[in-house]
Amino acid sequence: MTATPNSEATAPRLPRLDRALDLTSTWIARVCAWLIGTTLLVMLVAVTLQVVGRYWIHFLVGGPEELARLAMVTMVFLGLPVLARYSEHIKLDVANELIPNAALREWIARIALAVELVFLTVLTALAFEFVSVLWYSQQVSPALGLRIFWSRLPVFIGAALAAVVCACVLIRRLLGAADVPDDGLHNELDVLVGTPPGSTDNQTVKP
């Protein structure tokens, strides 16, 4: 029988607000995941064209290299909301293992989320200041002729969306909502690529 995470958890306070926050954070993460997949495909095509042009056709073009670099930056910062939604950021799990009290572990998780939210808010403010200056700049990339503003805009968008998602997760935790399962991100990726739930290796089986 497949285990159902959080099946024993109590219902959160203000269930309608909890549901709205859950939908908001989940759909932001899903849209970002789709954009990451699309951007990865663009980067793969750009790098392939660069390699083919350099070693087979012996004709070097700078556009694909810039496009691949822009795609990589976009993927990195659009990944922030996805990681924030499923708590997949780098963390020290041994701290939870050394604390036997579940309530204390929950409060430590809430404090960690609050610190993460402060960091993402500061990052969003700094990114906004950075891109707002570039908005008035006429600098363009040397190969594609793309304004530098557009190549740096994903930094602000990713940080702002990550702050929104982190705030949703924190508020849900404060309302008493159940924690996101450890394999939540893997399950979402299975849904995105169309893998049947029964074929995943991430499900926990009870004897």
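1. The charged end of R147 sits over the ring of W135, 5.1 Å from the ring centre. A charge counts as over a ring if NZ of Lys or CZ of Arg is within 6 Å of the ring centre and within 35 degrees of the ring normal. R30 lies likewise over the face of W27, at 5.2 Å from the ring centre.

2. On the source: this is a predicted model, in which local features need pLDDT of at least 70 and side-chain atom pairs count only at pLDDT 80 or more, while totals for chains, interfaces and linings use all residues. Residues are numbered from 1 along each chain as its sequence is written, and side-chain values use heavy atoms, with hydrogens and water left out.

3. The protein has six helices and zero strands, and from the N terminus on its elements run α-α-α-α-α-α. Helices (H or I, at least four residues) and strands (E, at least two) are DSSP runs, numbered from the N terminus. Of the 207 residues, 32% count as buried. Buried means under 20% relative accessible area, exposed means over 50%, and partly exposed lies in between (1.4 Å probe, protein chains only).

4. How many aromatic pairs does the structure hold? There are three. Rings of Phe, Tyr and Trp (its six-membered ring) pair if their centres lie within 6.5 Å; planes under 30 degrees apart count as stacked, over 60 as edge-to-face and the rest as tilted. One of the pairs is F128 with F156, which is tilted, with 5.6 Å centre to centre and 50° between the planes. F128 lies in helix 4 (residues 102-135) and F156 in helix 5 (residues 148-174), so this pair ties together parts that are 28 residues apart in sequence. F156 is partly exposed, at 22% relative accessible area.

5. F149 and W150 also form an aromatic pair, edge-to-face, at 4.9 Å centre to centre and 75° between the planes. F149 is buried, with a relative accessible area of 9%, whereas W150 is partly exposed at 42%. W135, F149 and W150 form one aromatic cluster. W135 is the residue whose ring lies under the charged end of R147.

6. Two packed helices are described by the angle between their axes and the distance between the axes. Here axes are lines fitted to C-alpha atoms, for helices over the stretch in contact, and angles run from 0 to 180 degrees between N-to-C directions. The axes of helix 4 and helix 5 come within 8 Å and cross at roughly 155°. That makes helix 4 roughly antiparallel to helix 5. Angles under 35 degrees count as roughly parallel, over 145 as roughly antiparallel, 65 to 115 as roughly perpendicular and the rest as oblique.

7. The axes of helix 1 (residues 15-55) and helix 2 (residues 63-85) come within 8 Å and cross at roughly 160°. Helix 1 and helix 2 are therefore roughly antiparallel to each other.

8. Helix 5 has 27 residues, which at 1.5 Å a residue should span 39 Å; its end C-alpha atoms are 40 Å apart, which agrees. The expected span is 1.5 Å times one less than the number of residues.

9. Helix 5 is followed by G176, whose phi is positive, near 95°. G176 is in the loop between helix 5 and helix 6 (184-193) and is partly exposed, at 26% relative accessible area. The C-alpha atoms of G176 and L14 are separated by 9.4 Å, although these residues are 162 residues apart along the chain.
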